[in-house]
Amino acid sequence: LIVSGPTKPENRTPEYYRELCPRLEALGTLLFPRRQRLLYHNQSFEFSQDGSEDLMQILLEGTDRIKMGLCFDAAMMWRAGGDFERFMALNADRIEV
């Protein structure tokens, strides 16, 4: 099951992402016994572009890497100017698609 981030710009905040983590965790927990895994599809705005708090990092730190993987969109990270090598070194085991 693939989910993505908020579409409303006003929800693209660290506070919203901290509130989102338990909901994603609950969904991942529901899928896990069914031998399914929640996958999160990233967007460019989730990678810090201006030194502000990195929304993707909040999401990854707030969810279980066993229960939530990534449908990683490298082009979105590239648009944001993210550090691809560092991200892969830390999260390669989460990337499924």
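Modeller: A salt bridge is a side-chain nitrogen of Lys or Arg within 4 Å of a carboxyl oxygen of Asp or Glu. This is a predicted model, in which local features need pLDDT of at least 70 and side-chain atom pairs count only at pLDDT 80 or more, while totals for chains, interfaces and linings use all residues. Residues are numbered from 1 along each chain as its sequence is written, and side-chain values use heavy atoms, with hydrogens and water left out.

Biologist: How many salt bridges does the structure hold?

Modeller: Glu96 pairs with Arg37, the closest N and O atoms being 2.2 Å apart. Arg65 and Asp93 also meet through their side chains, at 2.7 Å from N to O. With these pairs included, the number of salt bridges in the structure is 3.

Biologist: Which residue forms a salt bridge with Glu53, and where does that partner lie?

Modeller: The partner of Glu53 is Arg18, at 2.4 Å from N to O. Glu53 lies in the loop between strand 2 and helix 2, so the pair ties together parts that are 35 residues apart in sequence; helices (H or I, at least four residues) and strands (E, at least two) are DSSP runs, numbered from the N terminus. The residue asked for is therefore Arg18, in helix 1.

Biologist: Is Glu96 buried or partly exposed?

Modeller: Buried means under 20% relative accessible area, exposed over 50%, and partly exposed in between (1.4 Å probe, protein chains only). Because the relative accessible area of Glu96 is 44%, this residue counts as partly exposed.

Biologist: Which residues does Asp64 touch, not counting residues up to four places away in sequence?

Modeller: Asp64 lies in the loop between helix 2 and strand 3, and at 27% relative accessibility it counts as partly exposed. Its C-alpha is 8.3 Å from that of Gly28, although the two are 36 residues apart in sequence. Contact means heavy atoms within 4.5 Å. With neighbours up to four places away left out, the residues that Asp64 touches are Glu25 and Arg94.
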